[in-house]
Amino acid sequence: MTFSRNPFCTFFFLALLFLFLTVILKKWHFGLQENKPFGDAARPDGLTPASDRLLQQLQERQQELELFDNLQSFMDPSLPTNSSVKYINGKLRLDNPAKIDIGCEELSGIKAVDFLGAGYTKTVLKAALPQGLFVALKSVNHQGTDMRLCMEDFLDSQGCHELVSFKLRKEIVLLQRLQHPNIVELKGQCQDSALVGGITAVLEQGMPLQMIQLLQSPWEERFRVCLGLVRLLQYLSHSPLGSVALLDFQPRQFVMVSGELKLTDLDDASIQEPACQEDSDCLLQFPHRNFTLRCSPSRICEGLNEMRNLYNAYRYFFTYLLPHQAPPLLKPLIHQIMNSTGDLRQGINETLVAFEEVLHMYQSGLHLENLPPSVTRDYAVLKGMRSVANMEYRCWPSYNQQGCVLSVHGAREAALICSSHPQCTSFSLSSEKTWTGRLLASFRSGFSHLVPDVNSAVYMRRVKASGAVL
C-alpha cells in the first residue's frame, strides 16, 4: 500500500505533521526550552519560584546576622559593636575595626598540612604559619550535605555557596562577640574568593574531644572539663548578646586546647528564647525527660536557653565524667551536683557555685583535714634524692600509662594511697604540679638506687623485723 493509492493515509500523515509542528512552535513561543520558566513560573524579573525561595533564605540569614549587632547595642548601648554587617552586591561583608592578626594576605601563602575533619557545612584543615604556630582553617565544605541538599533544591551553585557560607559567617560574628577562655579564639578571617577560594575562619587549633580517652584520664582532668563547661554556660547565659542556647549540643562541638575544654562550633547557636502564651509552650523535651518552665509576664520562656544547656551538660558530660573515681570525701558534694542538675532544680549560677566549692576543697586539701598526721610515720623520707631504675606497677587512672602517677595534696595523702596499694613500697614527690597546684606523686614497687635531686623527695615504707613491709 502506498500513500498515492490511499488518500486517507496521506491525510493522516499530514495531520500528524501539522500537530507535531504546532507543539514545537508553542514550546518555542512560551519558552519551554530547557532551564527557562513557562506558564505561571514565568516572571517579568526573570526569577523562578525556586530562585525566589533561595533569595528569601539569603535575606533571612542576613537579617539574623544583623540581629547580633542590634542585640549587642540593646544589651549595653555604651559598648561599641565589634563589627558592622553589610550586604553589598549580593555579598555579605563584615567590616571589623578590631585588630585581626591573620588576614587574606597572610592566608594566601599558607598551605594546609593536615585534614582535621569535615561536617555537613564546613571543612577544617590544619595549617602552619611562618612563625611556627599551628592554626585551624574553617571553610565551606563544597561536598557536604548542606551544599548537596541546596543544589538539589535550587540548582544554583553560586547561590547555594552563599547560603551555605552563612553558617560560617554567623560563626565568625559570634566568635567576635563572645569571648571567653572556654571558647576557641578567632585569630583571623578572610572573605576574598580570589585569594582563598571563599570565606575562611582562622581559629586556634585544638584536638577533637575524645570521650573514651577522657573517661580513662584521672578524675582531676575530667573535673576540669566539667568545670570549664559550667563556666562557659554561665557566661552564655549572661552574654553580651543575651542568653545563648547551643541547639546542637554534642561533644563533637568542643575541642581540647592544653587540657582546657573549648567550644568551637557556634553556627547552630540561638540568641532568642521562645515566645509563649502559657506554660505548656515552654516545654523542654529530651529523650528520657521533659521539663516545663513558666511563661513569663512578658510572654517569653525566660531561662529556657539556660536550662537546655545545663541539662545537656548533665547528660553528655557530668553523667560520664564526674562521679566515677571521685575522691571519696568529695562524693557527697558531687552527688548533690548530679541530683540538682539531673532534675534541673537549680540554675547555672548555683551550679557554678557548687563546682567552685568542690574545686576549693580539692585544691586546699580541706577534704583531707581528718587524715591523721601519723599516716606518714611508717615511711622514711629522703629529701633531695630521686630513685632510678624503678620497678613500676600500673594503677588506674594514672597520669603515666606505664606506671602509677597520681595527683596528691601532699605527703599524707600520698602515704595513704601507697598504704592502700599492696605492691607499693615507696613513692616520690617532685616539684611537678597539675593545673590545680596539686603535686604529682610516683608510686613504685622498688628501685635500684638513689641519686641527688634537690627537687625531689623519696618516701620508703619501713620494714618490720620479720622483713615484711609495713
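In this predicted model, strand E3 (residues 112-118) and strand E4 (residues 122-128) run antiparallel and are joined by five bridges. Three residues lie between E3 and E4, and the two strands form a hairpin. Within this pairing, Asp-114 has Lys-126 of E4 as its bridge partner.

Strand E4 also pairs with strand E5 (residues 134-140), again in the antiparallel sense. Here Thr-123 has Ser-139 of E5 as its bridge partner. The two pairings are set out below.

| Strand pair | Sense | Bridges |
|---|---|---|
| E3 (residues 112-118) and E4 (residues 122-128) | antiparallel | five bridges |
| E4 and E5 (residues 134-140) | antiparallel | seven bridges |

These strands belong to an open sheet of five strands, arranged in the order E3-E4-E5-E7-E6 with antiparallel pairing. Because E3 and strand E6 (186-190) stand at the edges and each has a single partner strand, one side of each is left without a neighbour in the sheet. From one strand to the next, the twist averages 25°. Helix H5 (residues 157-177) packs on the sheet and touches E4, E5, E6 and strand E7 (200-204). The direction of H5 makes about 140° with that of E5.

The report now turns to the nonpolar cores. The largest nonpolar core holds 84 residues, of which Phe-254, Phe-317 and Phe-318 touch the most other members. Helix H8 (residues 219-237) contributes the largest share of this core, with 11 residues. Leaving aside residues up to four places away in sequence, the contacts of Phe-318 include Cys-226, Val-230, Leu-310 and Phe-355. A second, separate core has 20 residues, among them Cys-395, Val-408, Ala-414 and Leu-439.

Note on methods
Residues are numbered from 1 along each chain as its sequence is written. This is a predicted model: local features need pLDDT of at least 70, side-chain atom pairs count only at pLDDT 80 or more; totals for chains, interfaces and linings use all residues. Side-chain values use heavy atoms; hydrogens and water are left out. A nonpolar core is a set of buried Ala, Val, Leu, Ile, Met, Phe, Trp, Tyr and Cys residues joined through side-chain atoms within 4.5 Å. Buried means under 20% relative accessible area, exposed over 50%, partly exposed in between (1.4 Å probe, protein chains only). Helices (H or I, at least four residues) and strands (E, at least two) are DSSP runs, numbered from the N terminus. Contact means heavy atoms within 4.5 Å. Two strands pair if DSSP finds at least two bridges between them. Axes are lines fitted to C-alpha atoms, for helices over the stretch in contact, and angles run from 0 to 180 degrees between N-to-C directions.
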